[in-house]
Amino acid sequence: MRETSGAPMIDIVDLRKSYGDFEALRGLNFSVPRGQIVGFLGPNGAGKSTTMRILTGYLPYTAGSVKVSGIEIADDANAARKMIGYLPENNPQYEDMMVAEYLSFIADVRQVEKNKKQDQVARAVERCGLQEVFHKDIGQLSKGYRQRVGLAQAILHEPQLLILDEPTSGLDPNQIIEIRNLIKELGRETTIVMSTHILQEAQHTCERILIINNGLLVADDTPEQLAMGDFGFIYLEIAPRENAPVDKQAMKRKLQGVNGVVGIDEQAVDVEGNVAFMIRYEKVDPRRDLFNTVVDSQLVLLELKRQRASLEETFRRLTARVEE
Amino acid sequence: MNTTYCIARRDFQAYFNSPVAYVVLGVFLLVLGYLFFSTLFLAGFASMRGFFSVAPILFVVFGPAITMRLISEERKTGTIEQLLTLPISNFEVVLGKFLAALGIVVVGLLFTLPYVVSVSLLTPADTPFDYGPVIGGYIGLVLLASAFLALGLFASSLTKNQIVAFIIGLALCFFFYFVDKFAVLMPAQIGAVLEYISVDYHFGNIARGVVDTRDLVYYISLIAIFLVLTERSLRRDKR
């Protein structure tokens, strides 16, 4: 049932948002094609929630363009909202309503046709596993069930775009896995943009990860690519040839000159006379040159092992605050 | 189904999911009933006049009490974000909430109809009961209460705190009720202006049984102005 119109699901161009003097978004650009599950990462205050609130038309934006399926939000927020299902941060709920009442209310406000309403509510309830609590007050439900109610109201009208702001925050590990699987399943039919703090979650659930920091996009790639990173560490252990001891300082200087190396730390070794270094590299893989340097120095290369940066390290590097 | 009606129905039902409706309606009817029956039994006087002179003052307090939670509570719990990102306009939300509150007022007034019946039964057969002022009085009360609800709803949209919303609403209603009480002390022109902006002055006109367009225009403008202000307040930029 996915619409085949050419416009991408989301198209954001040079989006800016200021709160008074504070610039929350400073020229954000990205586009999401239909059918993708996109993870939105960034430290607190980076602008994730602001972006999502702008997408749903809750917050006005200062400058730039935000289009959902070709519709500019500032021009016709309600036309865009009809296509969007939204789970706000912290999943606020009407505590005193029953799940049944609440979903019926949402269906009415969203003007789901009368003859389809019961089916669509039933489908959302079934997909989110709410059958057991259908006639309970939302205020009595566990956090996991509340989250399901939030998801159920978001998917009730079969939206083309689901926007989920931290859908798994505050849940226990079992609930997280349940919600994650549910999101994955929903993603087969719908475009999903979800923000999260948990990197493994983005890694397992999303096809694409956007990292934003200080209101700017700092990375846009698949989780696999981001997990590889363009930097990492190399453990290098050298032994002297015969009895001539290794000149640590001279060796360190030589290694520092290798293309791609950005830092060297000495490491402890268990065999006296050996030398070990932890070498940090960026952008260029220096292993070949490191090998040659050691051999040219008439030394024995005992070990050379690369450790790629994890998604965590990539994230930390991209979002590191500049110390003042 | 009309979306404004959906909002109104949800908020109306929400009143009965919490003690608010029962407490407000209960106390309202208790106070009115006491005042009504004290004139009936103590003064031995079967008339609705006392009822219609006291009810407006009660609405100064009960209007803001009914509306105080409507928006402030949604701001506090965050459900406002959910509500305002549904494909409906802010004005539909405001109007729906206003109608829900008006529903409570109408329910309260319906429970006072037995008073009318008892007064009409107690009126001696040779002096026919005059329904004009009573009908006028009820129309006036609905309009006056609507004005206070619009003021109270605006107050509720200003804050996350129900109590603060109540106090602000009370102050607004108090002002629009008592503003003409000092009119006699003022020069004639200022006095006329004060009378014109007073909710009670226009209520007095209608309660006499004369429904004048000038009074209707006044009430409808006051209600419209504050509903529009409420909508503006919802649109306010938040952090």
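## Chain A: burial and overall form

Of the 324 residues that make up chain A, 38% count as buried. The model described here is predicted. Chain A contains eleven helices and 14 strands.

The radius of gyration of chain A is 26 Å, whereas a compact globule of 324 residues would have one near 20 Å. Taken along the principal axes, a box of roughly 90 × 45 × 40 Å holds the C-alpha atoms of chain A. Among contacts in chain A with a separation of 6 or more, 70% join residues 24 or more positions apart.

## Where chain A touches chain B

In the interface, 20 residues of chain A are in contact with 20 residues of chain B. On the chain A side, α2 (77-81) and α3 (99-109) each supply at least two residues. The largest share, three residues, comes from α3(A). By class, this side of chain A has nine nonpolar, six polar and five charged residues.

## Two helices of chain B

Chain B has a helix α2 at residues 20-42 and a helix α5 at residues 90-110, and their axes come within 10 Å and cross at roughly 40°. The crossing of α2(B) past α5(B) is right-handed.

Which residues of α2(B) and α5(B) meet? From α2(B) come B:A21, B:V24, B:L25, B:F28 and B:L29, and they meet B:I104, B:V107 and B:G108 of α5(B). The residues of this contact divide into seven nonpolar, one polar and no charged.

Notes:
Residues are numbered from 1 along each chain as its sequence is written. Chains are lettered from A and ligands numbered from 1 in the order in which they are written. This is a predicted model: local features need pLDDT of at least 70, side-chain atom pairs count only at pLDDT 80 or more; totals for chains, interfaces and linings use all residues. Helices (H or I, at least four residues) and strands (E, at least two) are DSSP runs, numbered from the N terminus. The radius of gyration is taken over C-alpha atoms; the globule rule is 2.2 Å times the number of residues to the power 0.38. A residue is buried if 20 or more other C-beta atoms lie within 10 Å of its own, exposed if 12 or fewer, and partly exposed in between; C-beta atoms are placed from the backbone. Two residues are in contact if their C-beta atoms, placed from the backbone, lie within 7 Å. Ala, Val, Leu, Ile, Met, Phe, Trp, Tyr, Cys and Pro count as nonpolar, Asp, Glu, Lys and Arg as charged, and the others, Gly among them, as polar. Axes are lines fitted to C-alpha atoms, for helices over the stretch in contact, and angles run from 0 to 180 degrees between N-to-C directions. A crossing is left-handed if the near helix is turned anticlockwise from the far one by less than a right angle, and right-handed if clockwise.
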